[in-house]
Amino acid sequence: MANNTDYVQVLWELKYSDLALSSTILIIIGCIVGIIGNGSVIICYFFRIQERGERYFIPVLAVVDLVACITSSIFYVMDNTFFFSYPHDLMCRILTFLQLLVPATSASLLVIISVQRYLLVCKPHVPKMTLRLKRISIGVACLFTLSYSAPMLAISGIKTSNETFQNHTIQITVCKFSTAETSAKITVYFGFLLLLTIISTLITIGLFIPVLKTIKLSLLGKFRNWRKSSKHRKKPPNTDSASTKDIELGKYVGKNPEIQILEKSSSNPSIDTSSTLRGDINKPVNTLTTEDSERIKKEKATRRITIMFFVIIVAYVLSYIPALIILILVYAVGDLNNFISISREAAFVCTYLARFVFLNHIVNPFIYSYFDEKFRTELRKLFTQVNEYWMVQNDK
């Protein structure tokens, strides 16, 4: 009697069925969240926020993240569904190419953003990036990433091989980044990609370190200031000292406004309570001009947007590190590249860490909504309008 057992299916159910199911569910959820989030960012920044200025690169980065959410989701779901029997070589090549191109474009944009923030914050007297220069830099970044991603269309594809599983020979067809046997050219190419990723990450971090020093971003400093202010609020007022005088600013129309000092306590009789201090100044004390208010407002906005981009870069670095580690281990440890010999636990760890970079394209809208007040305001208006529209449609 012939043995009709499908050992490819046995292998799938034994090692990868649970992994594929859980990964697919999470990828679909992430894709939906990413599409809604990045779509909202694009709508708000392109069509609702009139003056982008500091925010010029945000909608561009959102477009890249939106494309990445769609292409990466298709790539991962296809890989989960047809792990050992990938159906189309052309689809494998295109999805693999996009899997390199889109995240690389996002990384290049972050390098440009780092340069722009560095010039804006650390080099205030140096000419800033004009709108034309920003557009040119985006175009150059896209062309550069396209140039070194294009070879992936040639070297990737499906590969069919005969493997041994439970003393039986099985035939599997998988989608791989490289279908050719290991050669010097392939090794140099993937080494170049790895080196380029490391260099771009180091440049991004290196440019932002002086930016953070300039704007004096220190969580420890904030904590200390909070503790000091907390102690100051809890400290009872000392009514016996002359420092508790109430200084009232006289509101006068003329050029010589008065500062009146009223004594609360008689413990310091040396202060004449009827005395006034007159200053030959042109504006009331503690009154900011319109120019001063605008300048302070702009400085606060610059600092907040800079911190926002810093958090985006941190999320990018943290999401790429696991994928880089897995890439290095796959080439350093040959067994990790064998889908049959590795254990089920190792397959789980390697797969999830390699796909951790997908989070980088999902979290950015949450970062924008936390740091950018204009985006929060417009987002609330947008959701309110959408909700009202659906309510009207449902009432019909």
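Colleague: What should I know before reading the values?
Modeller: This is a predicted model, where local features need pLDDT of at least 70 and side-chain atom pairs count only at pLDDT 80 or more, while totals for chains, interfaces and linings use all residues. Residues are numbered from 1 along each chain as its sequence is written, and side-chain values use heavy atoms, without hydrogens and water.

Colleague: How many disulfides are there?
Modeller: The count is one disulfide, a term for a pair of cysteine sulfur atoms within 2.5 Å. Cys92 and Cys175 form it, with their sulfur atoms 1.9 Å apart.

Colleague: Which parts does the pair tie together?
Modeller: Cys92 lies in helix 3 (residues 89-121) and Cys175 in strand 2 (residues 168-176), so parts that are 83 residues apart in sequence are tied together. Helices (H or I, at least four residues) and strands (E, at least two) are DSSP runs, numbered from the N terminus.

Colleague: Is Cys92 buried or exposed?
Modeller: Cys92 is buried, at a relative accessible area of 0%. Buried means under 20% relative accessible area, exposed over 50%, and partly exposed in between (1.4 Å probe, protein chains only). Cys175 is buried too, at 15%.

Colleague: On another topic, which helix gives the most to the nonpolar patch?
Modeller: Helix 1 (residues 7-48) does, with five residues. Ile25 lies in this helix 1 and counts as partly exposed because its relative accessibility is 44%.
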